[in-house]
Structures are given as C-alpha cells and as structure tokens.
Amino acid sequence: ADAATAYTPYQVVADGSRSAAEGERANWDAKELAVLPGTQTAIIVDRTGKTWKDDRSEWLPFLEGVSTVAYPG
C-alpha cells in the first residue's frame with residue numbers, strides 16, 4: 001500500500017479463521033492500535049492525538065492529546 005491508500009479496520013478471530021470489516025470513521029488516519037488481551041476491546045490513536053474506542057458497531061471518540069496507548073498485560 002502507498003500513502004494514498006485508505007486503510008480499513010478489520011476484526012480477526014485469533015486463529016485467523018474469520019475476519020470482518022469494522023465501521024470506519026471519516027478521514028481515518030490511525031497510527032497506533034491497542035487491544036485488551038482476551039477481549040475484543042480496542043483503542044486507536046490517530047495522527048492528531050485523538051483516541052477512538054471500538055464499541056463493536058462504530059468507533060467512538062475517547063481521549064485527546066494522547067501520543068501512545070497500551071493496555072496492561
């Protein structure tokens with residue numbers, strides 16, 4: 001992919017047997033992803049420092065002014 005490619009988030013089963021496209025927000029520019037181990041809870045940081053939390057049907061705004069994101073474990 002090149003810089004002009006629009007990326008779409010996917011939900012993938014741990015064994016790779018299934019995947020499904022997730023809802024995409026307008027002007028997606030994600031730079032980092034964290035997923036809570038043992039769950040499907042994900043948070044993404046975009047290039048402006050805003051975070052987006054996956055509620056399994058859409059990405060909801062979460063925090064601003066963030067440079068990195070991680071779950072414990």
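My entries follow, from the whole chain down to one pair of residues.

**Ground rules.** I am working with a predicted model, where local features need pLDDT of at least 70, side-chain atom pairs count only at pLDDT 80 or more, and totals for chains, interfaces and linings use all residues. I number residues from 1 along each chain as its sequence is written, and side-chain values use heavy atoms, with hydrogens and water left out.

**Confidence.** I looked up pLDDT, the predictor's confidence in each residue, from 0 to 100. The protein's mean is 80, and 79% of its residues reach 70 or more.

**Elements.** I found zero helices and six strands (DSSP runs numbered from the N terminus: helices are H or I with at least four residues, strands E with at least two).

**Burial.** Of the 73 residues, 23% count as buried (under 20% relative accessible area; exposed is over 50%, partly exposed in between, with a 1.4 Å probe and protein chains only).

**Salt bridge.** I searched for a side-chain nitrogen of Lys or Arg within 4 Å of a carboxyl oxygen of Asp or Glu, and the count came to one. The partners are Asp-29 and Arg-47, with their closest N and O atoms 3.4 Å apart. Asp-29 sits in the loop between S2 (19-21) and S3 (30-35) and Arg-47 in the loop between S4 (42-46) and S5 (51-54), so the bridge ties together parts 18 residues apart in sequence.
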